[in-house]
Amino acid sequence: MKLPALIMGLIITSVAAASTPSDFAQQWPVSVQGEGAYAIDLNEAMYRIIQKNDLSDLAAFNAAGEALPFGPMPTSYGPLPASWVQAKTFSLPKEASQNPELLKLHVQRSVDGNLSLDADFVNQAPAIPTHDWIIDVAAKDEGIEALQVELSQQAGDFTAQVVVQASADLQQWQHLNTASIVSLQQDGQRLQRLQIELPGSSTKYLRVQSLDAPAGLLISGFKLKQRPFGIVKSPALQWFQANFIKKDGRGFVYELPARISPEQFNIELKNTNSIAQFSVSARQNELDYWQPQSSLTVFRLRAAGVSLDNEANGLQSGRLRYWRIESNTDINQAPVLKFSYRPEQFLLLTHGAGPYVIAAGSMKAQRDQYPLDILISQVKQNQGQDWKPTPASLGKATKVIGSMEDISKVPTDWRNIILWSVLLIGAGAVVLMVLKLLSQPPKE
């Protein structure tokens, strides 16, 4: 057999078969009926069982075991980025917290949309300083995810309890969150917690009330973290705890046993009334070098019935597996390392008979790549430009492959082995031919 024919024959025989539902570790039934387009939020169990960082071992099948078009939500339908904007703020008299039933608000909005607001009390003169604020949320169709307190230069040390409420008409108020904010100077470090998490819902107005009104609390303004809802609403932020592995000098090593893409991280100290400065690094594999990621001043203060903890810090690290935090002081007990993430959304296009299932977890199986953007554009031509996929929920997972060793084992890459073998055989044949030619005496 000639060498080119041998190479082609080996390549053809090394082509792998298409993936089937039985190639994956777990399956989740999709609670839908009939053919259509559906938006599916990945859950924590999926992230734990997925083996590949690109999430390619996540696929969908119909009842006949046929692969379905399935993949990350197209960009035009995916979650939009959040941004911080300066809020337009109006100060209210101190009595707004103490006697809210006496507060009278006079509101006017100009032709260009600007709001003017006056506040006074029935038969009372307003007091100064103010510890209540009204925020005009100018954005429409955007969720408010957080509120950042901005302090004036004259602000002193303080700890304060604040309440955040929402309203559509400045008359009826809905409670959103009660939180502690703090700004303290201690041991040469500035300890601050000035961000208040909010549920991500939309509103026209926010009201911030300081319950205890400490003297050092002098606020110059607020910033709002706003995220457009987009066509498909973004899933809520969730928290995930990393597994502690070992102590490494002043450092602590953790494993993140899920293929999440973190937005934030936080460190919780075990000991009360403690402060530490941490540097944070990460790597993908155990033999890789540690790569710096961030730093964080961590504190856990408990006194006089008040609990104060540091706030989380942002991350842009990707799906790194191993994490190391190192303190500037000796710490005996391993802190808790947590990450927040926003579950990713996938688009499922069904055809054929159900039930339909989502399968995940395999080092050998892989999802086919589908042109979902093109498919969606064709659907919109028939359904209209306002069409959007229907949200779908997942049922209880069932195990397909029982052993984690079976799904995490990297399969033997016979294709590469065969190709390299053929190349080596070919190279050897060429060397033999050259040696044979060199060994022959020259013709006279």
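This note walks through a predicted model of one protein chain.

1. **Overall make-up.** Start with the counts. The protein chain has 444 residues, and 40% of them count as buried. Its secondary structure comprises six helices and 30 strands. The protein chain exposes about 24200 Å², and carbon and sulfur atoms supply 52% of that area.

2. **Contacts across the sequence.** Take the contacts between residues at least 6 apart in sequence. Of these, 79% join residues at least 24 apart.

3. Look at how E4 meets its partner. E4 and E27 (residues 345–349) run antiparallel, joined by three bridges. Gly71 stands opposite Leu347 in E27.

4. **Nonpolar cores.** The largest nonpolar core holds 47 residues. Which of them touch the most other members? Leu58, Ile267, Trp323, Leu337, Phe339 and Ile358 do. Strand E21 (residues 274–283) gives the most to this core, with four residues. There is also a second, separate core of 23 residues, which includes Ala87, Val137, Leu147 and Val208. As a general background, nonpolar side chains in soluble globular proteins tend to be buried together.

5. **Leu320, a loop residue.** Leu320 sits in the loop between strand E24 (313–314) and strand E25 (322–327). Is Leu320 buried or exposed? Its relative accessible area is 17%. The cut-off for buried is under 20%, so Leu320 is buried. Set aside its neighbours within four places in sequence. Leu320 is then in contact with Leu256, Ala282, Arg283, Gln284 and Gln293. Now compare sequence with space. Leu320 and Asn53 are 267 residues apart in sequence, yet their C-alpha atoms are 8.5 Å apart.

6. **Aromatic pairs: Phe24 and Phe61.** A search of the whole structure finds eight aromatic pairs. One of them is formed by Phe24 and Phe61. This pair is tilted, with 5.9 Å centre to centre and 55° between the planes. Phe24 lies in the loop between helix H1 (3–13) and strand E1 (26–29), while Phe61 belongs to strand E3 (residues 58–61). The pair therefore ties together parts that are 37 residues apart in sequence. Both Phe24 and Phe61 are buried.

7. **Aromatic pairs: Phe244 and Phe252.** Phe244 and Phe252 also form a tilted pair. Their ring centres are 6.2 Å apart, and the planes make an angle of 55°.

Methods
Residues are numbered from 1 along each chain as its sequence is written. This is a predicted model: local features need pLDDT of at least 70, side-chain atom pairs count only at pLDDT 80 or more; totals for chains, interfaces and linings use all residues. Side-chain values use heavy atoms; hydrogens and water are left out. Two strands pair if DSSP finds at least two bridges between them. Helices (H or I, at least four residues) and strands (E, at least two) are DSSP runs, numbered from the N terminus. A nonpolar core is a set of buried Ala, Val, Leu, Ile, Met, Phe, Trp, Tyr and Cys residues joined through side-chain atoms within 4.5 Å. Buried means under 20% relative accessible area, exposed over 50%, partly exposed in between (1.4 Å probe, protein chains only). Contact means heavy atoms within 4.5 Å. Accessible areas come from the Shrake-Rupley method with a 1.4 Å probe; for residues, only the protein chains shown count as cover. Rings of Phe, Tyr and Trp (its six-membered ring) pair if their centres lie within 6.5 Å; planes under 30 degrees apart count as stacked, over 60 as edge-to-face and the rest as tilted.
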